[in-house]
Amino acid sequence: MTSLGFSPPPSGRGNIPLVEGTATSPAVLPSQRRRPSISRSRDRAITTAGLAISAAFLASAVVAMFLPPETRRGVWLPLHLALAGGATTAIAAALPFFTSSLLGAAPAPAPIRALAIVLVAAGTAAMVIGVSSQAGISAAVHATPLSLAPSGGLAFVAGILVLSCAAFWPIRGSVGQRQSIVLVAYVAAILDVAIGAMLATLYLGGYSPALAAWARLTPAHAWLNLLGFVSLVVPRTLLHL
């Protein structure tokens, strides 16, 4: 008993510890402590650079529309500059930034982020240059596994794999709700574009089964990249902005 007739509350496991306050700062619960801030300045700079590269691809796609039909192979060159170059590079730049913000965790290391963008952009550039330089020539006759176009395709697929690492790296540090539906959609999108790009790479490399079945594989290649990748990533991201 105290001098006022009251007993102090017993100490035990049921009590919630307080952070000792001062005259100017009241005591706070541990759950009210602020989490350490996450620096995103470098990640934001990488994202901005990737979006600038994407814009360059889109501008190139517009210019390509005015090239002779035999050089641009109809709509092939503008289409691949816009989608494989513009859209995919933009997603490679923005997707890891968005997932780290969504999960409230630190982003992937800058070298991994940059490598994904470089591989996707360089792979696209090598692929479109390689195909355009042989416009109107069958891949079955002239392509080899180490020629420019299939090498670009392999670099593009490697960039997608590095992108998956960068995009899902923040899960390691996530402590809150993980937005499973969004992450599952991103996994499906990355698998789609990797498969779609690999089909084209096999064709460009002169792989006999891909050459023989290319008439049937072309729709799959287009749908996996356009609807399977872009249409999964963009709408699912916009729903959470």
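How many salt bridges does a search of the whole structure find? The search finds one, where a salt bridge is a side-chain nitrogen of Lys or Arg within 4 Å of a carboxyl oxygen of Asp or Glu. The partners are Arg113 and Asp43, with their closest N and O atoms 2.6 Å apart. This pair links distant parts of the chain, since Arg113 lies in helix H4 and Asp43 in helix H1, 70 residues apart. Both Arg113 and Asp43 are buried; buried means under 20% relative accessible area, exposed over 50%, and partly exposed in between, with a 1.4 Å probe and protein chains only.

A word on the source. This is a predicted model, in which local features need pLDDT of at least 70 and side-chain atom pairs count only at pLDDT 80 or more, while totals for chains, interfaces and linings use all residues. Residues are numbered from 1 along each chain as its sequence is written, and side-chain values use heavy atoms, with hydrogens and water left out.

Now the overall picture. The protein has nine helices and zero strands; helices (H or I, at least four residues) and strands (E, at least two) are DSSP runs, numbered from the N terminus. Of the 241 residues, 38% are buried. Among contacts with a separation of 6 or more, 77% are between residues 24 or more positions apart, a contact being heavy atoms within 4.5 Å.

Back to helix H1, residues 41–64. Its 24 residues should span 34 Å at 1.5 Å a residue, and the end C-alpha atoms are 35 Å apart, which agrees. The expected span is 1.5 Å times one less than the number of residues. The buried residues of H1 include Asp43, Ile46, Gly50, Phe57 and Ala61. Their cover includes helix H2 (69–72), helix H3 (76–103) and helix H4 (110–133).

In the loop between H2 and H3 we find Arg73. Its phi is near 55 degrees, a positive value in a residue other than glycine. Most residues other than glycine have a negative phi. Arg73 is partly exposed, at 37% relative accessible area.

Next, the aromatic rings. Which kinds of aromatic pairs does the structure hold? There are two pairs; rings of Phe, Tyr and Trp (its six-membered ring) pair if their centres lie within 6.5 Å, and planes under 30 degrees apart count as stacked, over 60 as edge-to-face and the rest as tilted. Phe98 and Tyr186 have ring centres 6.5 Å apart and planes at 75 degrees, so this pair is edge-to-face. Phe98 is in helix H3 and Tyr186 in helix H7, 88 residues apart. Tyr186 is buried, with a relative accessible area of 0%. Tyr203 and Trp214 are stacked, at 4.5 Å centre to centre and 15 degrees between the planes. Tyr203 is in helix H7 and Trp214 in helix H9, 11 residues apart.

Last, the surface. Leu79, Leu83, Trp223, Leu226 and Leu227 form a nonpolar patch with about 460 Å² of accessible area together. Patch residues have over 30% relative accessible area and no salt bridge; like charges are joined within 9 Å, and nonpolar side chains (Val, Leu, Ile, Met, Phe, Trp, Tyr) within 5 Å. Areas come from the Shrake-Rupley method with a 1.4 Å probe, and for residues only the protein chains shown count as cover. Helix H9 (214–238) gives the largest share, three residues.
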